[in-house]
Amino acid sequence: MTPLLESEEHKSLREAVAAFAKTHPHTTNAEDNTRLWQAAAKLGYIGVNLPEAYGGGGAGITELSLVLEELGAAGNPLLMMIVSPAICGTVIARFGTEEQKREWLPPLADGTRLMAFGITEPDAGSNSHRITTTARRDPVTGDWILTGRKVFVSGVDIADATLIVGRTEDARTGKLKPCLFIVPRDAPGFERRAIDMELNAVERQFELTLDDVRLPADALVGDEDAGLLQLFAGLNPERVMTAAFGIGMGRFALAKAVEYARERTVWKTPIGAHQAIAHPLAQAHIDLELARLMMQKAAHLYDAGDDVGAGEAANMAKYAAGEACVKAVDQAVHTLGGNGLTRGYGLARLITASRVARIAPVSREMILNYVSHQTLGLPKSY
């Protein structure tokens, strides 16, 4: 049964992360971001979801999402938490070989190594069945040879490797099936190009080219026939963590607006006393709290091993959090008026950043498709 209220342990973790996050100023460059990441890792926050046997905290996505939310609420959401420990760490912990676990999980947990995740392609969009990155076996050496392109891959420049989603041919059916491969950043034929984004974020986005990238046989994660299961084992945590990312960002913006509304006085009255200001802020708070409840439900279902139930809840949580985040940021900027667009208050940069929670890793429209088809049983239009 999913608890409606946080346990004392979770409350203590939330308070500890919040206190830690407030001691770090907003990170504006890669060096500050790295220092924050490493400091959080030393306290066990980055690898809280990874197995204790490999240096992690032995907890779950519930705890990891809590950490990301509180970092975001303090103005320092670490985008790579969605990718490195949540997606890549989870997939390796659940499906990786013993050698892969020993090599990757301890450094992912202690912050000394990072892993990126590459799934999106220029022509595939949200349709994973149209992925054209292919992997074929060298019949002589047994090596894998990967060819293809990926776009909007976060943090490749700071990651030690990228978990690439490719497709291999099924020997029985001849059809292509998804598989996951660990590609080192210095692998010959593995090239990256930074995408020119108008998004003010420390983590950059990249387009990747894989030109006959040769990998050893043990670069394949898990079972070649379980690729789809492994893929969704990483995508559900991704949606939960994106929800945490959005909720934290929304809480940060809302806190700025509430503080301003209490102090900003016009005609001898704080503007927060006026319902035209107070009610939209209250609505934003309600929306964020509702999104958090769904996020917690999704995280608990995932940690309990209910991948199907977690899939539905994680999509709903990501949708709710994205909408709540955008509305909270918009209302916060509107509350501050012209001040909301100045650099000093730190809200203007969120106007663009908040859209990420709506767009990535899957658009709100595709989530509505998922719910209408999978939950409501309505027919597809595609």
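In the predicted model, glycine 118 stands opposite isoleucine 164 in strand S4. Strand S4 covers residues 161–169 and pairs with strand S1 in the parallel sense. Four bridges join S1 and S4.

Helix H8 (residues 307–336) packs against helix H10 (residues 364–375). The angle between the two is about 145°, and their axes lie 10 Å apart. The crossing of H8 and H10 is left-handed. On the H8 side, the contact is made by Gly311, Glu312, Asn315, Met316, Lys318, Tyr319 and Glu323. On the H10 side, these residues meet Arg364, Ile367, Leu368, Tyr370, Val371 and Thr375. By residue class, the contact of H8 with H10 comprises six nonpolar, three polar and four charged residues.

Three aromatic pairs are present in the structure. One of them is formed by tyrosine 260 and tyrosine 345. A pair of aromatic rings is described by the distance of the centres and the angle of the planes. For tyrosine 260 and tyrosine 345, the centres are 5.9 Å apart and the planes are at 85°. The arrangement is edge-to-face. Tyrosine 260 belongs to helix H6 (residues 227–263), while tyrosine 345 sits in the loop between H8 and helix H9 (348–359). The pair therefore ties together parts that are 85 residues apart in sequence.

Alanine 298 is located in helix H7 (residues 275–303). Its relative accessibility is 0%, so alanine 298 counts as buried. Which residues is alanine 298 in contact with, leaving aside its neighbours within four places in sequence? These are Val240, Ala310, Ala313 and Ala314. Val240 falls within the residue range of H6, and Ala310, Ala313 and Ala314 fall within that of H8. Isoleucine 61 lies 237 residues from alanine 298 in sequence. In space, the C-alpha to C-alpha distance between alanine 298 and isoleucine 61 is 9.2 Å.

Notes: Residues are numbered from 1 along each chain as its sequence is written. This is a predicted model: local features need pLDDT of at least 70, side-chain atom pairs count only at pLDDT 80 or more; totals for chains, interfaces and linings use all residues. Side-chain values use heavy atoms; hydrogens and water are left out. Two strands pair if DSSP finds at least two bridges between them. Axes are lines fitted to C-alpha atoms, for helices over the stretch in contact, and angles run from 0 to 180 degrees between N-to-C directions. A crossing is left-handed if the near helix is turned anticlockwise from the far one by less than a right angle, and right-handed if clockwise. Contact means heavy atoms within 4.5 Å. Ala, Val, Leu, Ile, Met, Phe, Trp, Tyr, Cys and Pro count as nonpolar, Asp, Glu, Lys and Arg as charged, and the others, Gly among them, as polar. Rings of Phe, Tyr and Trp (its six-membered ring) pair if their centres lie within 6.5 Å; planes under 30 degrees apart count as stacked, over 60 as edge-to-face and the rest as tilted. Buried means under 20% relative accessible area, exposed over 50%, partly exposed in between (1.4 Å probe, protein chains only).
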